[in-house]
Amino acid sequence: MWFANFLVAGTMTMIMPFLSLYITTFGDHSDAYIQKWAGLIFGATFVTAFIMSPIWGRIADKYGFKPILLINGFGIALSVFLMGFVNSVETFFILRLFNGVVTGFVPTSLAFISSQVKKEEAGKMLGTMQMGSVAGTLFGPVFGGLLADTFGFQYTFIITSATVATAALLVLFGIKEEKKVKTKRKAQFSRKTILHGILHHPLMLNVMLVTSLIQIGNFSIQPLLSLYVAELTGAQEVAFLAGLTFSAAGLGNLLFARQWGKLGDSIGYEKVLTILLIFSALFIFPQAFVTSLWQLILCRLLFGIVVGGMIPVTTALVRREAPIEIQGEVMGYNTSFRFLGNIIGPMFGGIISGIIGISAVFLVTASLFVVAFILLFLARKRKTIDFEDYLLKEQQT
């Protein structure tokens with residue numbers, strides 16, 4: 001699964017740095033038009049992914065995570081292959097929507113590994129898994145930028161498709177899923193009970209909201225990064241430099257993801273997440289005021305060090321709280337909140353940059369991390385019953 005995540009994350013991030021540049025090949029368009037569609041196309045995948053994640057999670061609870069991983073892998077490969085042959089923003093947008101139906105390979109793999117390990121080791125193991133996807137994220141943008149500059153965008157899409165298909169084959173022939181041992185309980189939780197529990201249990205609701213805010217803050221700048229790099233440098237190899245900047249956060253993520261997860265296992269996931277949120281705000285704020293590319297890369301590296309622990313820590317926290325019978329569905333809702341942030345982030349960043357400027361996006365992003373910190377801090381102050389006990393009480397009611 002580590003290698004499969006490496007391949008999927010690496011190849012999917014190959015195309016991310018030049019999405020906005022790819023749109024410029026469809027015709028002679030204004031900067032405002034390109035920035036608007038860059039945000040829409042970047043976020044389109046996450047709209048359908050937001051809807052589908054709980055559905056896939058409920059199916060996984062019944063049939064296992066491996067079939068879902070195979071559907072995701074081969075589905076992503078097909079949609080990305082077709083993206084290499086589009087010639088209009090509308091067609092590109094539709095394919096990105098289709099891609100969202102089957103996307104979520106990395107979040108599903110995290111949920112899969114989470115279901116196979118002990119609760120006490122979830123943070124460490126998920127942090128290790130995160131290293132696989134981050135290692136791919138680290139090399140993918142640089143390699144993708146080089147391919148785009150050397151061979152063109154279409155060739156990069158084809159390579160991406162073939163590599164994702166290879167990862168799916170790795171899962172098909174190399175992974176065996178051990179069935180979860182379910183506890184005997186008279187109550188069977190309905191979808192309504194689970195959703196009601198998530199929306200009304202203070203800790204779970206705040207973790208879900210924090211998950212969204214993390215992604216809003218993280219994704220608001222990503223579609224615009226190549227344009228921001230172009231403003232800071234007059235070099236010709238913009239796609240490569242954007243990929244290099246993109247990868248800086250990945251390097252920090254790679255170095256510390258496992259350590260943050262392990263620390264969460266030791267002192268508590270809520271406490272570690274609180275620390276990560278406040279430091280993320282501190283490290284992203286200066287990115288609005290950089291005057292050269294090396295300064296931006298350094299800030300992205302520091303930001304990556306702290307943001308890298310957020311996904312494994314929040315996933316481990318949900319894993320700790322969710323009953324084993326509905327773990328897939330609860331993880332699915334967590335993924336949906338994550339994709340909700342991915343939907344809002346790019347569009348929000350595009351709107352802010354179009355009105356005020358790209359550098360303003362960093363200031364708004366920093367404030368969002370402060371909001372996430374306050375939400376989690378308040379949730380920790382409130383004492384509530386365990387999520388499983390809360391669901392049982394709701395089910396009986």
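The legends below describe close-up views of a predicted model.

**Figure 1. Overall fold of the predicted protein.** The protein contains 18 helices and zero strands. Its C-alpha trace spans about 65 × 45 × 35 Å along the principal axes. For 397 residues, a compact globule would have a radius of gyration near 21 Å, and the 20 Å of the protein agrees with this.

**Figure 2. Packing of helix H10 against helix H17.** Two packed helices are described by the angle between their axes and the distance between the axes. Helix H10 (residues 202–219) packs with H17 at an angle of about 170°, and their axes lie 9 Å apart. Because angles over 145 degrees count as roughly antiparallel, H10 and H17 are roughly antiparallel to each other. On the H10 side, the contact is made by Pro202, Asn206, Leu209, Val210, Leu213, Ile214, Ile216, Gly217 and Asn218. H17 contributes Thr365, Leu368, Phe369, Val371, Ala372, Leu375, Leu376 and Ala379. By class, 13 residues of this contact are nonpolar and four are polar, with no charged residues.

**Figure 3. Packing of helix H11 against helix H17.** Helix H11 (residues 225–232) meets helix H17 (residues 358–381) at an angle of about 125°, with 10 Å between their axes. H11 is therefore oblique to H17. Leu227, Tyr228 and Glu231 of H11 are in contact with Ile358, Ser359 and Phe362 of H17. The contact of H11 with H17 comprises four nonpolar residues, one polar residue and one charged residue.

Figure 4. Rolling a probe the size of a water molecule over the atoms shows where empty space is left. The count comes to three cavities of 30 Å³ or more. The second largest cavity has a volume of about 160 Å³. Its lining consists of 20 residues, and Ser53, Trp56, Thr108, Gly332 and Thr335 lie nearest the centre.

**Figure 5. Helices and residue classes in the lining of the second largest cavity.** At least two lining residues are supplied by each of helix H3 (31–63), helix H4 (65–83), helix H5 (89–102), helix H6 (105–116) and helix H16 (327–355). H3 gives the most to this lining, with six residues. By class, the lining has eleven nonpolar and nine polar residues, and no charged residues.

Technical notes. Residues are numbered from 1 along each chain as its sequence is written. This is a predicted model: local features need pLDDT of at least 70, side-chain atom pairs count only at pLDDT 80 or more; totals for chains, interfaces and linings use all residues. Side-chain values use heavy atoms; hydrogens and water are left out. Axes are lines fitted to C-alpha atoms, for helices over the stretch in contact, and angles run from 0 to 180 degrees between N-to-C directions. Helices (H or I, at least four residues) and strands (E, at least two) are DSSP runs, numbered from the N terminus. Angles under 35 degrees count as roughly parallel, over 145 as roughly antiparallel, 65 to 115 as roughly perpendicular and the rest as oblique. Contact means heavy atoms within 4.5 Å. Ala, Val, Leu, Ile, Met, Phe, Trp, Tyr, Cys and Pro count as nonpolar, Asp, Glu, Lys and Arg as charged, and the others, Gly among them, as polar. On a 1 Å grid over the protein atoms alone, a cavity is a set of points where a 1.4 Å probe fits but cannot get out, and a pocket is an open set with protein on both sides within 12 Å along at least five of seven lines; lining residues have an atom within 4 Å of a point. Grid points are joined across faces, edges and corners, and a volume is the space filled by probe spheres set on the points. The radius of gyration is taken over C-alpha atoms; the globule rule is 2.2 Å times the number of residues to the power 0.38.
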